[in-house]
Amino acid sequence: MHSFRDIVFTISSVSDVSEILPLTVWLIFGSKKTPYLQLGIFFIVCFCVKLYTLITADLHENNMPAYHLLALLEVAAVYIFYCQLLYRKVFKWGIFLLVMLHVGNALFFQKIWTFNSLTWTLDMLFIITLGLIYFYHIYKDEDDYTPLRSRPDFIITIGWLLYAAGSLFTYLMGSEILSGYAEGFFKNGWFFQTISNILKDMIISYGFWLTNKK
Amino acid sequence: MNDAIYLALGTSAMVLMMITIILFIYLFQRKLAAKAKAYLEIEKLMQQQELQSAYALIEGQEQERQRIAAELHDNIGGLLATLKIYSDLTLEKSEIADIQRLNNKINLISENLSGEVRKLSHQLDLRTLAGFGFKVAVQQLCEAINDSGKLLVIPVIDIQKPINENISLNLYRIIQELFTNTLKHAMATQTRIEITLIANEITVIYEDNGKGFNTDNVNFSGMGLKNIGSRVSMINGKLTVDSSNRGSTFIIELTNHE
């Protein structure tokens, strides 16, 4: 009988390749226009990086630099998506600050060969903030009364918010979880992250599918 | 950190986010419902206003019918009765002189009768113009022609303020004449009439898809064109006529109509 640890590892592996779902849906059905284009490209890159982490993990190589890169790519993609959605332009200083934060963390706080839990946590908080700003924006918009079910942006935001909320404490405790030996339920902290990541990819896939019907 | 606390935090973060999303959906739907309710109320008010206008129109039409009936009965009916008496007398008389005299009477009454009918018809047009304005009168005219099924009329009327009574009457007569021409001579299936009033400048553009006519030969002498020309001059307007085998276009321009 499989232990809970095995189940968590299996779900974690599924989570690592789950980006294929939004990626495929975007390639086949999704809109190739801004802001979905950038998000679709992000999923292509994200899938490649995660595939690399899976292979290197299997080879027992340290793949932490890939997570540093992934954290930056993810938060930048979400930032660009909401900037274009809300303001129709990307504020470059925002990208610059995000790069500085990630590079600074890798240089001074959590080195490139260790897990960057601090930046992941801040990224999740940032994504939650962006999602809530988007909620506020559509609530205050007196011109657009499109039902929520017909808004792909809203669906995609739900995906990002649930993912960020589910991942927040996993990332906050990321170093501890990774450094410890994963056994028993409480030691398998990635459970929340993996579940929320799969959930996010499923919801965003539906959002991408909706972009074609908009 | 204690694992149990971690589990509690992780779970509560996701639950809290779900609650936030559900709360947002609830608030947004409530906002949509409030907006829909407001729209419904506006629509209801508009329907009530439309009904009131329709009642007023029906009442007005009823009064008008009563007036026409009275006019027909008292005036034209009386003349017709007199005409009948003279006609009967003519049949009874054998003397040529008497018949001649009665025929003269019949002729005079027929003329009167014709005049009265014309006057009544003229008053009816004027009442529509005076009561509902030039725009409504033209719209009714277009509707009446459309209802006849002989011609498809596309009216585009953009008049936001009242037009001088004399000008509106003359323009109305011109439009009537244009329709009459199209119906009688042009063999058209469709006409388009565009009337605009922009900064005291009235423009009437009348187009049909009929067989057209030769503008060089006509010289405003036939087909009621003379009448149209004189009415346009009367209101100090400018008439431009263009015609080909694909249809005719009449443009009437009035600058500073006040």
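I began by reading chain A along its sequence, where the pattern is α-α-α-α-α-α-α-α-α-α, and I noted 10 helices and zero strands for this chain. Helices here are DSSP runs of H or I with at least four residues, strands are runs of E with at least two, and both are numbered from the N terminus.

Before going on I wrote down that this is a predicted model, in which local features need pLDDT of at least 70 and side-chain atom pairs count only at pLDDT 80 or more, while totals for chains, interfaces and linings use all residues. Residues are numbered from 1 along each chain as its sequence is written, and chains are lettered from A and ligands numbered from 1 in the order in which they are written.

I then looked up burial in chain A and found that 41% of its 214 residues count as buried, a residue being buried if 20 or more other C-beta atoms, placed from the backbone, lie within 10 Å of its own, exposed if 12 or fewer do, and partly exposed in between.

Next I turned to the largest nonpolar core, which has 51 residues; such a core is a set of buried Ala, Val, Leu, Ile, Met, Phe, Trp, Tyr and Cys residues joined through C-beta atoms within 7 Å. The members that touch the most others are A:Val78, A:Leu162, A:Ala164, A:Ala165 and A:Leu168. Among the elements giving two or more residues to this core are helix H4 (64–87) of chain A and helix H1 (3–92) of chain B, and the largest share, 14 residues, comes from H7(A). I also noted a second, separate core of 25 residues, which includes B:Leu129 and B:Val232.

For A:Val78 I listed contacts (C-beta atoms, placed from the backbone, within 7 Å), and, leaving aside neighbours within four places in sequence, I found A:Ile127, A:Leu130 and A:Trp160.

In chain B I followed five strands that form an open sheet with mixed pairing, in the order E1-E2-E3-E5-E4, where two strands pair if DSSP finds at least two bridges between them. The edge strands, each pairing on one side only, are E1 (152–158) and E4 (238–244). Strands E2 (residues 190–198) and E3 (residues 201–208) of chain B run antiparallel and are joined by eight bridges, and I looked up B:Thr196, whose bridge partner in E3(B) is B:Thr203.

Last I checked B:Asn146, found in helix H2 (residues 96–148) of chain B. B:Asn146 is partly exposed because 14 other C-beta atoms lie within 10 Å, and, not counting residues up to four places away in sequence, B:Asn146 touches B:Leu152 and B:Val153.

Notes:
Contact = placed C-beta atoms within 7 Å.
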